[in-house]
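Colleague: I should like to learn how to read a model of this kind. May we go through it feature by feature?

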Amino acid sequence: MQTHLSQGQPSPGETTWTAAESSRLYGLEHWGQPYFSINERGHVIVQPRAEWGGCLDLVSLVQDLQARNLSLPLIIRFDDILEDRLTKLHGAFERAMAQYSYEGKYQGVFPIKCHQQRHVVEHLVRVGRRWNFGLEAGSKAELLVALALLDDPDALLICNGYKDNRYLETAILARRLGRRPLAVIEQPHEVHDLIACSQRLGMTPLMGVRAKLSVPSMGRWGTSSGDGSKFGLSAPQLLVTINTLQEAGLLEDLRLLHMHIGSQISDIAVLKEALQEVGQLYVQLVAMGAPMGYLDVGGGLGVDYDGSRTATTASTNYSLQNYANDVVATIQECCQPHGVPMPTLVSESGRAIASHFSVLVFDVLSTGTVNGVIPPQQEEEPLLVRNLRALLDTISPDNLQEAWHDALKFKDDALSAFRLGYLSLIDRSKAEQLYWACCCTIAEHLSRQPIPADLQPLATALAATYYGNFSIFRSAPDTWAIDQLFPVMPIHRLHEPPQALGTLADLTCDSDGKLNNFIGSGGHKSLLELHHLQPGEPYWLGLFLGGAYQEIMGNLHNLFGRTNAVHIRLAPQGGYRVEQVVRGNTTSDVLRALDHDPQALVERLRQDSEAAIAAGNLTIPEAHRLITHVEESLRQTTYLGPDMVPH
Ligand SMILES: *Cc1c(COP(=O)(O)O)cnc(C)c1O
């Protein structure tokens, strides 16, 4: 995709820019479906129940929430979207099973590791009941959450991950509570531990085995399958495990075959191959006398973050319906010729369920832009400065590339001269200002036309930095850790043409705390089209599709804590209800998390203030002001407060 240096100013009275153009510019028309779009006021709107009706103006909602003293940055969780995702997932499998006359059913589980927050898990369990939707745990802590919250006796509780005896015994005993835990053997030694635990308790668990498939997955999570993967049993290990279970008389409790080839599978061909392999393994296990009954295809159902429908990491080349069709048809094709009864199909789709329901809204604090102000001319300027002035006068549409290279050269020469002591600070500043003036003049000539490749650095150099009141390490860690792309865009002023190009910087003091890869209509771009800040007016940006993994992977870098979060539901009579407010971490909270004692810190400062007062360096009102600031900060979130946001 080519970048344009500027969107150009519409002439007064000309209103050429529409919300539809913004929708195209930010790719919203593709990735936003069916939940996000833009209204005629130029605001992002949310349809949390998709085609079932009901619509919220995101900007009005944020205003209302601010009036309730919920400051930005703010995570808004639309519980209806979560429910709609569940409905669509089950709908897709129901359609696929009807289409292929599949004589079995589908029963999904939610992998808790994707979003462990209490209200989210509780909500999924509540609305999932109508499908006996279950949970997947990957650790003892997640098992505890799943055991306590999953009260549907017919829902599955898939127990994955590394297991010690306490994990295994807990899973076994949970059967007595009326739960349906399935302990998945992922490592060769686990079968021995399971047998020992069963003998100790005189009780057996329902069991599963995880196969290590030969298809190497692709993408960033590609090591979840293939010979070198961390989990699963290879074909020989699978055989040994079956024999061991048989000898221990436990084969009749082997009910499930499990696979997981990685998250965000972008290419459906990879999935198909894995399904064929796991389908044949299932047939073989049945032939060896295991009762089986469940086939768990794991996670991996992808999200089309950039809306491109391609087999690239930020996208998928298949729809939810394609996915369900392939799972159903492939497993049927494997089982039918052998007369093996169709298994209940299980999937552990996390990303596909949880990505859409959460929107992060943050405010822009300020921008850093380049200005093209020309320093006044003085007598006897050094040659380098005179050269730059002459260059500035000669820039024309015919010599833009040449002018850009000359400007760069003169600026570098000026810096060398300064380093060697031949240029004063005043003259160096003039040279830099003139260089930027040249850049701005070149850019003006280039506006509204694609930039030639060798002038790209000019576009980047002139781009504004928009400073956001958020931390990417807290709220979008995967953008930093694995270059993941999330849609980011203004949530208002979308009926105005954006007139600046910029990158986003966060509040941390880390130079990695920035976003410079964005989703656009025709691909990815390093600069985002943004609006100029209006004095006294807020400018709000939204980060979308970040509901999976981001909150739990987010960290306390620079001690920025959890943001405020709210759960919103559409009200039956129209409008919305705030179902739940989850306050963000206060400064006190994050200090305590690192073993500091906030009160002791304040007390130390207070004592130092007394000493400074005694020495005559600080007045009593100044001391009071200092301590008040510190105490107030401790009570508030770690982000910039509304009263402190400069305009
Ligand atoms: C992480 C994980 C999942 C979830 O994967 P998604 O791609 O988010 O659906 C499912 N199963 C297992 C075993 C996992 O480790």
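Modeller: We shall take the ligand site, then a loop residue, then a helix. Please bear in mind that this is a predicted model.

Colleague: Which residues are the closest to the ligand?

Modeller: The ligand is surrounded by 16 residues, and the closest are K113, S263, E348, G350 and Y549. By class, this shell comprises 2 nonpolar, 9 polar and 5 charged residues.

Colleague: Where do polar side-chain atoms of K113 and Y549 lie relative to an oxygen atom of the ligand?

Modeller: For K113 the distance is 2.6 Å, and for Y549 it is 2.5 Å. The backbone also takes part: an N or O atom of G300 lies 2.9 Å from a ligand oxygen atom. Of the 390 Å² of accessible area that the ligand has on its own, the protein covers 92%.

Colleague: Is N160 buried or exposed?

Modeller: Buried residues have under 20% relative accessible area. N160 counts as buried because its relative accessibility is 3%. This residue lies in the loop between β7 (157-159) and α7 (165-174). Its contacts include E136, Y167, H258 and E348, and E348 is also among the residues closest to the ligand.

Colleague: How is helix α15 to be read?

Modeller: In general, an α-helix has 3.6 residues a turn, so residues three or four places apart point the same way. In α15, the buried residues include D427, K430, A431, L434 and Y435. Their cover includes α13 (383-394), α14 (400-419) and α16 (456-462).

Colleague: What span should the 22 residues of α15 have?

Modeller: At 1.5 Å a residue, α15 (residues 425-446) should span 32 Å, and its end C-alpha atoms are 32 Å apart, which agrees.

Notes
Residues are numbered from 1 along each chain as its sequence is written. This is a predicted model: local features need pLDDT of at least 70, side-chain atom pairs count only at pLDDT 80 or more; totals for chains, interfaces and linings use all residues. Side-chain values use heavy atoms; hydrogens and water are left out. Helices (H or I, at least four residues) and strands (E, at least two) are DSSP runs, numbered from the N terminus. The expected span of a helix is 1.5 Å times one less than its number of residues. Buried means under 20% relative accessible area, exposed over 50%, partly exposed in between (1.4 Å probe, protein chains only). Contact means heavy atoms within 4.5 Å. A residue is near a molecule or strand if one of its heavy atoms lies within 4 Å of it. A polar contact is a pair of N or O atoms within 3.5 Å; within protein, one must be able to donate a hydrogen and the other to accept it, and residues adjacent in sequence count only if both atoms are side-chain atoms. Accessible areas come from the Shrake-Rupley method with a 1.4 Å probe; for residues, only the protein chains shown count as cover. Ala, Val, Leu, Ile, Met, Phe, Trp, Tyr, Cys and Pro count as nonpolar, Asp, Glu, Lys and Arg as charged, and the others, Gly among them, as polar.
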